Amino acid sequence: MFGLMDGFLKNDPWSLQKDVMHHVEYTVARSRFSFDDFEAYLALSHTIRDRLIERWHDTQVYFKRKDPKRLYFLSLEFLMGRSLSNSTVNLGIKDQCADALNQLGFEFEQLVEQEGDAALGNGGLARLSACQMDSLATLDFPAWGYGLRYQFGLFRQVILDGFQHEQPDYWLNFGNPWEIERIHVSYAVKFYGAVEEELLNGVKRKVWIPGETVEAVAYDNPIPGYGTRNTINLRLWAAKPSGEGDMESYNTGDYINAVVNRQRAETISSVLYPDDRSYQGKELRLKQQYFFVTASTQDIIRRYKDSHSNFDDFSNKVALQLNDTHPSLAIIEVMRILIDEENIEWNRAWSIVCDSFSFTTHTVSPEGLEKIPADLLGSLLPRHLEIIYEINFLFMEELKKKLGLNYSQLSQMSIVEEGAVKNIRMANLSIVGCHAVNGVSRVHLELLKKRVFKDFCELWPQKFQYKTNGATQRRWMVVSNPNLCGLISKWLGTEAWIRDVDLLIGLKEFASNTDLQHEWRMVKRVNKMRLAEYIEAISGVKVSVDAMFDVQIKRIHEYKRQLLNLFGIIHRYDCIKNMEKSGKTKVVPRVCIIGGKAAPGYEIAKKIIKLCHAVAETINNDPDVGDLLKLVFIPDYNVSVAELVIPGSDLSQHLSTAGHEASGTGSMKFLMNGCLLLATSDGSTIEIIEEIGNDNMFVFGAKVDEVPALREMKSSLKVPLQFARVVRMVRDGYFGHKDYFESLCKTVENGGDFYLLGNDFMSYLEAQAAADKTFVDQEKWTRMSILSSAGSSRFSSDRTIQEYAEKTWNIEPCKCPF
Ligand code: 26W
């Protein structure tokens, strides 16, 4: 049967092929003489999964034996994307798998396309979690990820007549070969009810009598490191009806209703909230958060207690990382377990909690901070609300001692927001209950210090730090751009940069080498051809690979200013229309590509999508324009679409109004792949500029420090004529739908242009003109492109994770021996 040798499954093509055939017959249950691409994908995935499980076991056994300090990464969102290609790359068996499949008459690349994305997250924060898991595994850190196994991930975006429609993402419908269901790993999750006092051995204790109980069941997803045997775990929880509970209704005869009601438990983990802007105090969302938090912390504490007899060593063995405030109830849950169930005295419990938890915030806007109505929290989690009040009381007492009776400051810093509706401020809770608070770029921390968390930063300056985000070069270069990787390894004379990313800087010395430049352009061209085919398949628009591929892909948000991009495109179109024939020969042909999802309730963002389609319709069908300008909207943007688009783009746009993007991580993926950036000085771009230099990218727009003053003067600022003209074209119905776009135009009119499109427009056009001019000089362009890749090592998530490990989590690698 399986090729067992020394206890390991073998990885030569022949053994892989044998195992694939085994899975065709016994797992997929198809005849070995007749199975299609999808069935071959399933069989191959199971073949790889067996190897992952082997490594996973070895890693877990080794961690248990060594008992290092472990990191637990708690996140309500993970955007993992596809697993097949990534796993084969990290296990170092991609070529062997391709060979094995080839001999069976299948194309590996074809099988990769059979897999749907695991899209259990919204955007930047969720993809960052996935990149960080890859780095944690690769750098041999003893880490676990915890998340929710939503039955429906982020909605599928369908475009009908240019409008976005949302459809459910049935990602589990065809099964998920990458997960391991652990029916025996489950925990009770309690909700509602009341708190009672109980006398136990003469000591008063609080006891929470719940009104509803459901069960959390574990699903494990092995995460293999690259170039190491270490394979860590991403444990996702699914809700199931509880085994115990009230059987009364069975006896009273309402059997059917009782079963149906119990089945409702599953709704808790059924759907991901698709709004990444603000928190709306919804009961189901709070239930999800607590469900996730209690299952994870029960699991973590159980594991700790397996090898420790008391809690003295807890914070030396356990680091708990909160990915934004979404899982911050974990602070309260651990507190509750320690004091109510483990009988630990309050102060000791509190210091254990504070020493173990750290928190990273991913937003700059105060509106992005979560608040939970106290009534809602109190009804769902009565004991937790009591604990929050107690923590806040003690914190306020401490503050009064330190700051005196400055009531306005006290009320700003309080965990409880008083007002018509009493709210619990989850960010304040996280800051108070964690030993470290991290921003996601340098400027993000500066903004936190100046604005949102000013008082806290002054109180605890040492608590506030930053770790600039990063992306994993395994997925974003090796998996998605194998040809470029081959070229880089050839010129560097080693593949070691895939683990040791700092080696990439070695490319710098060849940046002007004409041979490398030539090969570099060839790789780009092949990637552009692949992208052009995709574009034609989805939109019917034929594009020329000689044109500059200019890309903006990310969630649609006003602050990300897709509208600025569209206005720039309209301006370009208008210029071409008004040009003499002779002028047209000088125009650099462009293919403008925009992709991204709008939150379902975000009207303005949805109008931006519609405007994009309306403008595309006009431009793409205008014979005066031809190949000089094309505009395509890529529907249903997700991780695997990004893997196709990024390697095939020449220029990428990152247009956030300065001071609004906490970090931004898309830019890093483009940078690695040698796409030039056209960007504002915002978030992590500021650090990219420092790293590769102003002259290797196209920077424009107001700076972070200038934005507040510009906003003050907004109504007196003169709007450039060119800007007024494009807005008028939209308003007057040049692209149809006259009334529909009126409210969109209003957002950028004098009084209302909050994101300063008018102010930055001319500077944006200049940057675009500079990009055109450079594109004509292919030698210069290619040099800038090589220097972008060469300078991208600082933006690897390996560096981010290394910094967290040393400065925040205090964890060491624990490498499983071969
Ligand atoms: C509760 C609703 C909600 C859900 C998700 C509010 C906010 C979020 C996320 C925090 C939004 C997000 O993804 N933020 C992005 O995080 C990235 C990773 O740190 C940064 O690179 C982006 O700048 C930031 O917008």
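Two strands count as paired if DSSP finds at least two bridges between them. In strand 18, R425 is the bridge partner of K371. That pair belongs to the contact between strand 16 and strand 18 (residues 423-425), which run antiparallel and are joined by three bridges. The sheet itself is open, has three strands in the order 16-18-17, and is antiparallel in its pairing. Strand 16 (371-373) and strand 17 (416-417) are the edge strands; each has a single partner, so one side of each lacks a neighbour in the sheet. Helix 16 (residues 426-433) lies across strand 16 and strand 18, at about 45° to strand 18.

Let me now step back to the chain as a whole. The domain assignment divides the protein chain into domain 1 (1-66 + 86-113), domain 2 (67-82 + 117-468 + 805-809) and domain 3 (473-795). Between the centres of domain 1 and domain 3, taken over C-alpha atoms, the separation is 39 Å.

How far can the model be trusted? The mean pLDDT of the protein chain is 96, with 98% of its residues at 70 or more. For the complex, the predictor gives an ipTM of 0.98 and a pTM of 0.97. Confidence is highest in strand 3 (residues 70-74), at a mean of 99, and lowest in strand 1 (residues 4-5), at 42. Over residues 1-6 the pLDDT stays under 50, and for this stretch the model has nine contacts beyond four places in sequence. Where pLDDT is low, the predicted coordinates should not be read in detail.

Nine strands form it, in the order 9-12-13-6-3-14-15-19-20, with mixed pairing. At its edges stand strand 9 (180-191) and strand 20 (464-466); each has a single partner strand, so one side of each is left without a neighbour in the sheet. On average, and ignoring direction, neighbouring strands here are turned by 25° against each other. Strand 9 runs antiparallel to strand 12 (residues 212-224), and nine bridges join the two. Within strand 12, D220 is the residue that stands opposite I180.

Now to strand 21 (residues 548-553). Is this strand buried or exposed? Six of its six residues are buried, so strand 21 is largely enclosed by the rest of the structure. Both of its faces are covered: F549, V551 and I553 are buried on one side, and M548, D550 and Q552 on the other. Strand 21 pairs in the parallel sense with strand 22 (residues 590-595) over six bridges, and also in the parallel sense with strand 24 (residues 651-654) over two bridges. V551 takes part on both sides, standing opposite I593 in strand 22 and opposite S652 in strand 24.

An α-helix has 3.6 residues a turn, so residues three or four places apart point the same way. Just after helix 29, G733 adopts a positive phi of about 90°.

Methods
Residues numbered from 1 in each chain as written. Predicted model: local features only at pLDDT ≥ 70, side-chain atom pairs only at ≥ 80, totals over all residues. Helix = DSSP H or I, 4+ residues; strand = E, 2+ residues; numbered from the N terminus. Axes fitted to C-alpha atoms, helices over the stretch in contact; angles between N-to-C directions. Domains from an automatic or database assignment. pLDDT = per-residue confidence, 0-100. Contact = placed C-beta atoms within 7 Å. Buried ≥ 20, exposed ≤ 12 C-beta atoms within 10 Å, placed from the backbone.
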